[in-house]
Amino acid sequence: MFDLHTHSILSDGHLLPSEVARRYEEKGYKIIAITDHVDRSNIEFVCSSILEFTNSFRNNKIKVLPGVELSHIPPDQFLPLAEYARSRGIKIIIGHGETIVEPVIPGTNRAAIQADVDILAHPGLISKEDVKLAVKKGTFLEITSRRGHSLTNGHIAKLALKYKAKISIDSDSHGPEDILNPEDKLKIAQGSGLSLEQIALAYKNLENFLKNK
């Protein structure tokens with residue numbers, strides 16, 4: 001079981017990276033990414049801090065990947081900030097998509113996909129054109145359990161299935177109460193309109209993606 005969208009006290013989460021890892025380990029997860037929010041003001045600090053943690057983390061039960069979530073930035077900053085994060089050794093780059101419950105800048109979805117982020121988080125009422133671009137780029141579209149952001153899961157799943165976009169099923173966890181049992185995460189995915197076979201394919205695609213991480 002994977003969760004590639006989590007937060008710690010390095011941004012607006014409530015837990016230390018070590019506690020994030022432990023709580024996911026206790027629920028049976030095998031791989032997670034800690035992906036704290038960044039913009040130009042803190043990307044250097046967050047990249048350095050999460051890499052220091054993951055490079056020193058020794059646990060044969062759960063693998064923790066260093067990540068960032070590029071959040072509420074001007075669209076033209078996605079590419080340079082994504083390139084900076086990758087150059088530092090960040091393994092998972094998330095774009096904070098156009099959720100309907102936050103004032104995200106219009107055009108963010110497309111800019112994030114064009115910048116080759118790995119996952120477009122909670123992309124809201126994403127257009128079919130941007131879904132097609134995600135397919136071309138290999139960007140995963142997120143189905144989320146996060147309150148508010150999850151309101152458009154059905155729309156995202158419908159377009160992802162129609163155009164064969166890859167799907168990442170994540171928690172966007174900020175605190176202990178957000179860390180789901182795998183069974184509950186499965187129910188979130190089913191509630192978005194995915195069948196068990198489609199969920200299995202989503203996890204297979206993620207597994208293949210993670211082989212080189």
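## Before you start

Because the model is predicted, local features need pLDDT of at least 70 and side-chain atom pairs count only at pLDDT 80 or more, while totals for chains, interfaces and linings use all residues. Residues are numbered from 1 along each chain as its sequence is written, and side-chain values use heavy atoms, with hydrogens and water left out.

## The sheet

Let's begin with the strands. Helices (H or I, at least four residues) and strands (E, at least two) are DSSP runs, numbered from the N terminus. Seven strands make an open sheet with parallel pairing, in the order β1-β2-β3-β4-β5-β6-β7. Two strands count as paired if DSSP finds at least two bridges between them. At the edges sit β1 (2-6) and β7, each pairing on one side only. From one strand to the next, the twist averages 30°. As background, strands of a sheet pair through backbone hydrogen bonds, either parallel or antiparallel.

Now for the β7 end. β6 (residues 140-144) and β7 pair in the parallel sense over four bridges, and I143 stands opposite I169 in β7.

## An enclosed strand

Here the question is what gets covered up. Buried means under 20% relative accessible area, exposed over 50%, and partly exposed in between, with a 1.4 Å probe and protein chains only. Five of the five residues of β4 are buried, so β4 is largely enclosed by the rest of the structure. Both of its faces are covered: I92, I94 and H96 are buried on one side, and I93 and G95 on the other. In a regular strand, side chains alternate between the two faces of the sheet.

Next to it, β3 and β4 pair in the parallel sense over four bridges. E69 has I94 in β4 as its bridge partner.

## Salt bridges

A salt bridge here is a side-chain nitrogen of Lys or Arg within 4 Å of a carboxyl oxygen of Asp or Glu. By that rule, the count comes to nine salt bridges. One of them joins D118 and R86, whose closest N and O atoms are 3.4 Å apart. This pair links distant parts of the chain: D118 is in the loop between α4 and β5 (119-121), R86 is in helix α3, and they are 32 residues apart. D118 counts as buried at 9% relative accessibility, while R86 counts as partly exposed at 34%.

R146 and D178 also meet through their side chains, at 2.9 Å from N to O. R146 lies in the loop between β6 and α6 (153-163) and D178 in the loop between β7 and α7, so this pair ties together parts that are 32 residues apart in sequence. R146 is buried at 14% relative accessible area, and D178 is buried at 10%. R147 joins in too: R146, R147 and D178 are linked in a network of salt bridges.

D184 counts as partly exposed at 32%, and K187 counts as exposed at 54%.

Two residues have a positive phi although neither is a glycine: H72 at about 50° and D172 at about 55°. H72 is found in the loop between β3 (63-70) and α3 (78-88) and is partly exposed, with a relative accessible area of 39%. D172 is in the loop between β7 (167-170) and α7 (182-191), and D172 is buried, at 2%.

Finally, I100, V101, L125 and L151 make a nonpolar surface patch of about 410 Å². Patches are made of residues with over 30% relative accessible area and no salt bridge; like charges are joined within 9 Å, and nonpolar side chains (Val, Leu, Ile, Met, Phe, Trp, Tyr) within 5 Å. Accessible areas come from the Shrake-Rupley method with a 1.4 Å probe, and for residues only the protein chains shown count as cover. I100 sits in the loop between β4 (92-96) and α4 (108-114) and is partly exposed, at 47%.

Methods: Axes are lines fitted to C-alpha atoms, for helices over the stretch in contact, and angles run from 0 to 180 degrees between N-to-C directions.
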